[in-house]
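Q: I have this model open and want to go through it piece by piece. Can you help me read it?

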Amino acid sequence: MGKDVEELKRRWPLLDYLRQHNWTGRPASRSEFVGLCPLHEETRPSFYVNVRKNVFYCHGCGQGGDLIRFIQLSRHLSFRQSIACIEAQTSVSDDSAAVLEHAAVFYQQQLEHYSEATRYLNRRGLYDAALIRELCIGYAAGGSLRRYLTAQGHSFDLLRQAGLLNARGSDAFYQRIVFPLSQTGHIVNLYGRSIGSGFAHRFLPGTKGGLYAWEKVRHRPEVILVEGLFDYAALRQAGFPNVACSLGTHLNADQFQQLCQGERTVYLTFDVDQNQSGQQAAEQLAHRLGAHGVSTRRVLLPPGHDPNSFFLKGGDAQQFQSLVEAAQP
Ligand SMILES: [Zn+2]
C-alpha cells in the first residue's frame with residue numbers, strides 16, 4: 001500500500017495536479033511556486049507548492065501536505081477515497097500517454113516510406129540517421145493514423161480527445177515532420193512541422209511539457225537554449241551535446257522553473273530575425289532569469305539567421321563555438 005501511494009505521487013506530481021485543476025502559481029524561489037489557496041478564500045497568494053518535496057503549505061489557512069492530503073481537503077474525501085480518486089484519474093491519463101506513444105511509433109515507421117519527408121529533412125540540413133532515430137523523428141503523411149490506431153484498440157473518442165483527429169474525424173497531422181515531446185520518459189505531445197502548404201508549426205492540444213531534452217542537459221554547467229526543434233537538431237548534429245529547446249520564445253512556467261533550478265549559465269540562442277522578435281524575447285528572458293539569480297549570455301548569430309540556417313549556409317561547429325565564447329551577458 002505505502003509503496004503504491006509513493007508511486008502514485010511520483011507519477012502525478014502535485015504541481016501537475018493543481019495546474020490541471022486550473023491553479024495558477026508563479027515561481028517564488030528555486031523550488032517553490034506561490035498562488036491563491038484553493039482551500040480557502042483569499043486575495044493575496046499564500047499557498048506554496050514545493051516541487052522538490054512535492055508538498056504544499058498555505059500560510060493563510062495553515063493546511064499542508066502531499067497530493068493525497070490535498071485531495072482529501074479539497075474534495076472532502078477520506079484517505080482511501082482520495083487514493084481511489086487519483087487511481088481513476090491516472091488510468092485515463094495512462095490511456096492518452098499510450099495513444100501518443102503508438103502514434104509516435106507509427107509516424108516514425110512511416111518516415112522512410114515517403115521520399116518527400118527525407119527530402120525535406122535533407123533540405124533543412126538534417127541527415128544524421130542515428131540522430132533522427134534518437135529523436136524518434138517521424139512523418140505524418142495524413143490519412144492513415146486513424147485506421148492504424150483503431151486497429152490497435154484505441155477508441156475514436158480517445159483519438160479525438162488527444163487531438164490526433166480533427167472534428168471531421170480525419171488525421172489532424174497532414175504532411176508534417178513529427179517530433180515527439182517527452183517528459184520523464186512519457187510522450188506528452190507531438191510537434192508537427194508542415195512540409196506543404198499547411199500552417200508551419202503545430203502541436204496537439206494540451207501541455208508541451210517542459211524544455212525539450214532537459215533531462216539530458218540539466219546537470220551541465222552550461223546549456224545552449226534554442227527556440228526551434230530544427231535548431232536543436234542542427235546543433236546536436238554539429239556535435240554540441242548541451243542543447244535544450246523551449247519550443248518558441250515564450251517559456252511556460254515549467255520551463256522557466258527548470259532553468260531556475262541549480263547553478264548554470266544559459267546561452268540564449270534565439271533567432272536573429274528582421275523584426276527583432278527573437279532578440280527582444282531573449283533580452284526579456286535574460287532579465288527575468290537574472291532576477292532569479294540565473295546567469296545568462298546572449299549568442300548573437302549573423303543577421304537573418306537561426307542556428308539551423310547558420311549551419312545550412314555553411315557555418316561549422318568551430319565558428320558556432322566562437323560565437324558561444326563571444327556571447328555577452
Ligand atoms: Zn489556505
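This is a predicted model: local features need pLDDT of at least 70, side-chain atom pairs count only at pLDDT 80 or more; totals for chains, interfaces and linings use all residues.

Q: Fine. How many residues of helix H10 are buried?

A: Helix H10, residues 229-237, is mostly covered, with 7 of its 9 residues buried.

Q: Which residues are those?

A: The buried residues of H10 are Leu229, Phe230, Asp231, Tyr232, Ala233, Ala234 and Leu235.

Q: What follows H10?

A: Gly239 comes after the helix, and its phi is positive, near 100°.

Q: Back to Tyr232. Which residues is it in contact with, leaving aside its neighbours within four places in sequence?

A: Tyr212, Ala213, Val226, Val243 and Cys245.

Q: How many residues are in the largest nonpolar core, and which have the most contacts inside it?

A: That core has 63 residues, and the ones with the most contacts inside it are Ala103, Val178, Tyr212, Tyr232 and Cys245. H10 gives the most to this core, with 6 residues.

Q: Switching to domains. How is the chain divided?

A: Into domain 1 (2-76), domain 2 (93-203) and domain 3 (214-325).

Q: What separates the centres of domain 1 and domain 3?

A: 31 Å, taken over C-alpha atoms.

Q: How many residues of domain 1 are in contact with domain 3?

A: On the domain 1 side there are 4, and they are in contact with 6 residues of domain 3.

Q: Now strand S4. Which residues are on its covered face and which on the uncovered one?

A: S4 runs over residues 55-58. Phe56 and Cys58 make up the covered face, while Val55 and Tyr57 are on the uncovered one. Phe56 also belongs to the core of 12 residues.

Q: How many bridges join S3 to S4?

A: There are 4 bridges between S3 (residues 47-50) and S4, and the two strands run antiparallel. Tyr57 in S4 is the bridge partner of Tyr48. The hairpin of S3 and S4 has 4 residues between the strands, and Asn54 takes a positive phi near 65°.

Q: And how many join S4 to S5?

A: 2 bridges, with S4 and S5 (residues 64-65) also antiparallel. Phe56 stands opposite Gly65 in S5. These two strands form a hairpin with 5 residues between them, and Gly62 in the turn has a positive phi of about 75°.

Q: Last topic: what is the order of strands in the open sheet of 4 strands?

A: The order is S6-S7-S8-S9, with antiparallel pairing. Strand S6 (138-140) and strand S9 (201-203) are the edge strands, each pairing on one side only. From one strand to the next, the twist averages 35°.

Q: How many bridges pair S6 and S7?

A: S6 and S7 pair over 3 bridges, in the antiparallel sense. Ile177 in S7 is the bridge partner of Tyr139.

Conventions: Residues are numbered from 1 along each chain as its sequence is written. A residue is buried if 20 or more other C-beta atoms lie within 10 Å of its own, exposed if 12 or fewer, and partly exposed in between; C-beta atoms are placed from the backbone. Domain bounds come from an automatic or database domain assignment. Two residues are in contact if their C-beta atoms, placed from the backbone, lie within 7 Å. Two strands pair if DSSP finds at least two bridges between them. Axes are lines fitted to C-alpha atoms, for helices over the stretch in contact, and angles run from 0 to 180 degrees between N-to-C directions. A nonpolar core is a set of buried Ala, Val, Leu, Ile, Met, Phe, Trp, Tyr and Cys residues joined through C-beta atoms within 7 Å.
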